[in-house]
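These are my notebook entries from working through one model, kept in the order in which I looked things up.

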Amino acid sequence: MHEGLRYERERTLPSGDDVSRAAEVLEGSDPEEILRWAVDAYGEGLTLSVSFGNPEGMVLLDMVSRVTDQVRVFSIDTGFLFDETVRFREEAMARYELPLDVVRTELSVEEQVERYGPQMYTCSPDLCCQVRKVAPQRKHLAKYEAWATGIRRDQTPQRADTPVVGWDEYFGVAKVSPLVGWNSEQIEEYAREHDVPMNPLLGMGYRSIGCEPQTRPVQEGEDARAGRWDGSEKTECGIHVANGKVGRA
Ligand code: SF4
């Protein structure tokens with residue numbers, strides 16, 4: 001723990017200045033150290049986002065489980081997930097035994113199709129992501145002070161300037177990103193070393209897994225996220241926005 005970054009459990013939550021200072025001090029620190037800071041600063045006010053599709057979320061889940069058993073995990077279920085992802089979610093959480101909240105929109109897929117048309121998720125992906133991912137997450141995070149996520153800076157140009165910890169204006173909570181400085185090799189190495197379970201689709205050519213209608217396996221040499229929203233310019237669902245660079249519907 002860095003000197004001067006500890007907060008009492010009956011805590012005064014970190015102010016905006018505290019968060020900025022922590023971002024500077026923790027830059028370049030080990031992910032475990034960043035996580036320990038977040039757990040200490042926010043306690044049960046911290047929640048961890050895991051998609052159960054990508055290696056980063058699983059690595060972060062494993063790390064969190066070694067630091068605390070108090071942090072609740074949440075996972076957005078759009079209703080368009082692969083069956084493999086839904087099954088894997090249950091299997092993985094049996095191993096980690098952290099409390100899990102599966103977060104869904106109030107609008108069923110059938111109601112969405114009725115309201116917007118059968119191709120809504122391919123012809124208006126920003127709106128579909130907003131309805132099925134972003135809005136439910138915003139509602140869920142209203143109960144928390146901070147969320148942790150496994151994004152890395154080298155995944156997309158929009159993520160390149162993500163701080164270790166920052167204020168997430170849209171969700172109204174702090175956003176902690178312990179893995180921002182890691183690359184995919186470091187993720188793989190940690191997963192191997194700690195025998196972290198992975199979505200079985202990752203062994204079938206998929207390298208970034210989201211909703212089934214808009215995820216395809218990638219070829220050798222292709223970017224890991226090339227299989228997401230293939231054929232459109234969309235690269236982000238809208239949950240991770242850096243400096244307003246990703247539009248929300
Ligand atoms: S990824 Fe596709 S199916 Fe999933 S919520 Fe976004 S637009 Fe809808």
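In what order do the elements of the protein run from the N terminus on? I read them off as α-α-β-α-β-α-β-α-α-α-β-β-β-α, and the secondary structure comes to eight helices and six strands, where helices (H or I, at least four residues) and strands (E, at least two) are DSSP runs numbered from the N terminus.

**Entry: ground rules and confidence.** I note that this is a predicted model, in which local features need pLDDT of at least 70 and side-chain atom pairs count only at pLDDT 80 or more, while totals for chains, interfaces and linings use all residues. Residues are numbered from 1 along each chain as its sequence is written. I looked up the average pLDDT (the predictor's confidence in each residue, from 0 to 100) and found 87 for the protein, with 90% of the residues scoring at least 70. Over residues 242–249 pLDDT stays under 50, and for that stretch the model has 16 contacts beyond four places in sequence; two residues are in contact if their C-beta atoms, placed from the backbone, lie within 7 Å.

**Entry: the fold in totals.** I took the contacts between residues at least 6 apart in sequence and found that 75% of them join residues at least 24 apart. Buried residues make up 37% of the 249 residues in the protein; a residue is buried if 20 or more other C-beta atoms lie within 10 Å of its own, exposed if 12 or fewer, and partly exposed in between, with C-beta atoms placed from the backbone.

**Entry: α2 against α3.** At what angle do α2 and α3 pack? I have about 55° for helix α2 (residues 31–42) and helix α3 (residues 55–67), with their axes 10 Å apart; axes are lines fitted to C-alpha atoms, for helices over the stretch in contact, and angles run from 0 to 180 degrees between N-to-C directions. The two helices α2 and α3 are therefore oblique to each other, given that angles under 35 degrees count as roughly parallel, over 145 as roughly antiparallel, 65 to 115 as roughly perpendicular and the rest as oblique. On the α2 side I listed Pro-31, Glu-32, Leu-35, Arg-36 and Val-39, which meet Met-63, Val-64 and Val-67 in α3. The residues of this contact divide into six nonpolar, no polar and two charged (Ala, Val, Leu, Ile, Met, Phe, Trp, Tyr, Cys and Pro count as nonpolar, Asp, Glu, Lys and Arg as charged, and the others, Gly among them, as polar). The crossing of α2 with α3 is right-handed; a crossing is left-handed if the near helix is turned anticlockwise from the far one by less than a right angle, and right-handed if clockwise.

**Entry: α3 against α8.** I then turned to α3 and helix α8 (residues 184–194), which pack at an angle of about 50° with their axes 10 Å apart, and which are therefore oblique to each other. The crossing of α3 and α8 is left-handed. In α3, Pro-55, Glu-56, Met-58, Val-59 and Asp-62 meet Ile-187, Tyr-190, Ala-191 and His-194 in α8, and the residues of this contact divide into six nonpolar, one polar and two charged.

Not counting residues up to four places away in sequence, Ala-191 touches Pro-55, Met-58, Val-59, Val-196 and Met-198, and its C-alpha atom is separated by 9.9 Å from that of Leu-60, 131 residues apart along the chain.

**Entry: two loop residues.** Gly-53 sits in the loop between β1 (46–49) and α3, and I count Gly-53 as buried because 25 other C-beta atoms lie within 10 Å. Leaving aside neighbours within four places in sequence, Gly-53 is in contact with Thr-85, Asn-199, Ile-209 and Gly-210; the C-alpha atoms of Gly-53 and Thr-85, 32 residues apart along the chain, are separated by 6.3 Å. Arg-159, in the loop between β4 (146–148) and β5 (165–168), counts as buried with 20 C-beta neighbours inside 10 Å. I also noted that Arg-159 and Glu-236 are 77 residues apart in sequence and 9.6 Å apart in space, C-alpha to C-alpha.

**Entry: positive phi.** Most residues other than glycine have a negative phi. Against that background I noted Glu-97, with phi near 55°, in the loop between α4 (83–96) and β3 (100–103), where Glu-97 is exposed, with 9 other C-beta atoms within 10 Å. Asp-195, in the segment after α8, has a positive phi of about 55° although it is not a glycine, and with 8 C-beta neighbours inside 10 Å Asp-195 counts as exposed.
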